[in-house]
Amino acid sequence: ELILKNKNYNLTYLLALSIIIIGIVCSKALMSIGMVLGGLSLVLEFNFKAYFEKWRNNRSLLMLLFLYLCFMISLLWSQNIDYALEDLKSKLTLIVIPLLILSKPQLVHRNKEYLLTLFLIGVFITSLINVLFYTHIFGNIIYDDIRGMSLFGSHIRYSLLIAMGAIICIYFIKRHQKFIFFFITVFIWFVFYTYFSEVLSGVIALIISLLFWLMAELYFKREIKALFSISIIFISFLISVSFFILSTESNDLKVVSYSEIAEEWNKRSKIPIHSNDAKGQELKQTLIRYLHSKSLPANAKGMKELTSKDFINIENGIADIRELSNGFISRLYSIRFELQNRSNPNGHSILQRIEYWDAAFKIAFNNPILGVGLGDVQDEFDHHYNEANSKLLLKNRKRAHNMFLTFWVSNGLIGLLIFICVLSLFISENWKNKDFLALAFILISISSFVFEDTLETQTGITFFSFFYALFSINKSHKE
């Protein structure tokens, strides 16, 4: 009877983890249901002495608990307690999921490949749905831009799932030769999806994780010449991309007949040429850039070559015809335009992040050791933007979009140091075990921390805490 009970509890527990991992891919509700079901199965099993033994022997879990304790202590100097309590509640997932997973490490480890496969299938199916609907093979959804392609959550968060799916494919390619064709096909699809979706953080996460895996393999095999060659190729790639982004356009934008383009524009558009486009940019400059991108002169002759579709593109803030082609190259043209036209950051993701980072640094320097407290982060950002007369519109006045800066602002250098220790301990232990999948995961996470407040969203926290715990199972518990 006891064996039967344990089997039922274990099946319920694995069902809960399965629901959580499917929820990470496509549903916040499923994430919550999975956590409740998992917690309930542990409570009903009522084996807390064994759970506690597992918890206290896992250093990675203890570091996460210490980090959460740091959040709680910061309430002592937070003014906005209501906001702080709400934030604490949302961050509870950061420790709840590791507590669930590390309660039964042997069982989880035995089913690790099942969980990874479930995640892989979920990401593959949802990515197919995204593309099929975006290309109107199915459905009739009208998209404002390619960011709307992600139907199951934030396009930025989803790009991390795609990157994670790609490295899981590498893991299975190395371990299961029987299904190698399938995993190679899925891997190629994920690479294509990353290119097609134009999410910069997703491209960076995928490149860094795959490059690391390749270089780590070469390092441990002592293939020093190959390692050196790969390094040179990658550095050359970075230099080429940087040169492209920072180089000025060859077109001479000074040769412009403002009166002619204004006259022609007003004949065909209801939007005044001296107003702003849909992205908040000066419409006149968007028009001039668009003309030159089509190799047309900025005068009446060039204006007459523009189609009705071109006018719509310009009104929507498209400054370069090449931005309309899907793919990462299109994103590079967009980034170059942003960096060369910095007068108005609104509507430009890179320029807005520069504003966020600048604000975060200034707030952090004013409260370097303990931070402003968990509850006062948004209030401090709002105050800074008002004091600095920021050009950002109210809807764009957001937080740091960088987890390291966010921890520094909220919990000071002490909180930032603890967060770095959480990541460093994970890296150290998995480097010793040569667990390249775990290390690729943490690199994906870190790359997202640079550009996003990943741990400020339910999907981001659940993704990080689930895989962090999965790859933190002690070697002694695997056996």
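This is a predicted model, and by the pairing rule used here its aromatic pairs number 42. Take Phe-46 and Phe-48 to begin with: their ring centres sit 5.4 Å apart with 85° between the planes, an edge-to-face pair. Phe-46 is exposed, at 63% relative accessible area, while Phe-48 is partly exposed, at 37%.

Now turn to Phe-119 and Phe-467. Their planes meet at 80°, over the 60 degrees that the label requires, so this pair is edge-to-face too, with 5.1 Å between the ring centres.

Stepping back, the protein has 23 helices and 0 strands. Its radius of gyration is 25 Å, close to the 23 Å that the globule rule gives for 479 residues, so the protein is as compact as a globular protein of that length. The C-alpha trace spans about 85 × 60 × 50 Å along its principal axes.

Buried residues make up 51% of the 479 in the protein. Among contacts with a separation of 6 or more, 72% join residues 24 or more positions apart. As for the surface, the protein exposes about 23,300 Å², with 64% of that supplied by carbon and sulfur atoms. Finally, there are 46 positive and 38 negative side chains, and the centres of the two sets lie 8 Å apart.

Conventions
Residues are numbered from 1 along each chain as its sequence is written. This is a predicted model: local features need pLDDT of at least 70, side-chain atom pairs count only at pLDDT 80 or more; totals for chains, interfaces and linings use all residues. Side-chain values use heavy atoms; hydrogens and water are left out. Helices (H or I, at least four residues) and strands (E, at least two) are DSSP runs, numbered from the N terminus. The radius of gyration is taken over C-alpha atoms; the globule rule is 2.2 Å times the number of residues to the power 0.38. Buried means under 20% relative accessible area, exposed over 50%, partly exposed in between (1.4 Å probe, protein chains only). Contact means heavy atoms within 4.5 Å. Accessible areas come from the Shrake-Rupley method with a 1.4 Å probe; for residues, only the protein chains shown count as cover. Lys and Arg count as positive and Asp and Glu as negative; His and the chain ends are not counted. The place of a charge is taken as NZ of Lys, CZ of Arg, CG of Asp or CD of Glu. Rings of Phe, Tyr and Trp (its six-membered ring) pair if their centres lie within 6.5 Å; planes under 30 degrees apart count as stacked, over 60 as edge-to-face and the rest as tilted.
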